[in-house]
Amino acid sequence: MIRSDIVAAMAASTGWTKAASDRALRALLASIRTSLKRGQPVTLVGFGTFCVSRRKPRRGKNPRTGQPMVVAAGRTPRFKPSKELKRAIR
């Protein structure tokens with residue numbers, strides 16, 4: 001399912017126009033993105049939790065040259081599905 005499919009499904013279930021549904025979806029995603037940038041988790045009850053986790057620096061290998069290198073530490077988004085979502089897809 002891609003964004004346009006989600007927008008169409010939202011419009012069909014709410015009675016909104018596709019344009020209004022698209023604005024709502026973009027606003028939701030922007031809110032999630034902003035919260036994650038601040039390091040705040042986002043919990044959608046019955047769906048799951050989006051959070052940011054830290055990755056430690058690690059040793060890697062340059063695939064082009066084969067030389068060892070250090071991959072820098074960083075932050076990455078994570079998603080943990082809720083128990084309800086897990087049960088729903090079984």
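Modeller: A salt bridge is a side-chain nitrogen of Lys or Arg within 4 Å of a carboxyl oxygen of Asp or Glu. The structure under discussion is a predicted model.

Colleague: By this rule, to what does the count of salt bridges come?

Modeller: Aspartate 22 and arginine 26 form a salt bridge. Their closest N and O atoms are 2.9 Å apart, and the rule asks for a separation within 4 Å. By this rule the count comes to one salt bridge.

Colleague: In which helix do aspartate 22 and arginine 26 both lie?

Modeller: The two residues are four residues apart, about one turn of the helix. The helix in which both lie is H2.

Colleague: Is arginine 26 buried, partly exposed or exposed?

Modeller: Buried means under 20% relative accessible area and exposed means over 50%, with partly exposed in between. The relative accessibility of arginine 26 is 47%, so this residue counts as partly exposed.

Colleague: What span should helix H1 have, at 1.5 Å a residue?

Modeller: Helix H1 covers residues 3-14, which makes twelve residues. The expected span is 1.5 Å times one less than the number of residues.

Colleague: Which residue takes a positive phi just after H1?

Modeller: The phi in question is about 85°. The residue that takes this value is glycine 15.

Colleague: Which helix gives the largest share of the positive surface patch?

Modeller: The positive patch is formed by Lys80, Lys83, Lys86, Arg87 and Arg90. One of these, lysine 86, is found in helix H3 and counts as partly exposed at 42% relative accessibility. The largest share of the patch, three residues, comes from helix H3 (residues 83-88).

Colleague: How much accessible area do the residues of the nonpolar surface patch have together?

Modeller: The nonpolar patch is formed by Leu44, Phe47 and Phe79. Among them, phenylalanine 47 is found in the loop between strand S1 (42-44) and strand S2 (48-55), and at 37% relative accessibility this residue counts as partly exposed. Together the three patch residues have an accessible area of about 230 Å².

Colleague: What separates the C-alpha atoms of arginine 33 and proline 77?

Modeller: Arginine 33 is found in helix H2 (residues 18-37) and counts as partly exposed at 48% relative accessibility. Arginine 33 and proline 77 are 44 residues apart along the chain. Their C-alpha atoms are separated by 9.5 Å.

How values were computed. Residues numbered from 1 in each chain as written. Predicted model: local features only at pLDDT ≥ 70, side-chain atom pairs only at ≥ 80, totals over all residues. Heavy atoms only, no water. Patch = residues over 30% accessible without salt bridge, like charges linked within 9 Å, V, L, I, M, F, W, Y side chains within 5 Å. Areas by Shrake-Rupley, 256 points an atom, 1.4 Å probe, with all protein chains shown as cover. Lys, Arg positive; Asp, Glu negative; His and termini not counted. Charge placed at Lys NZ, Arg CZ, Asp CG, Glu CD. Buried < 20%, exposed > 50% of the residue type's maximum accessible area, 1.4 Å probe, protein only.
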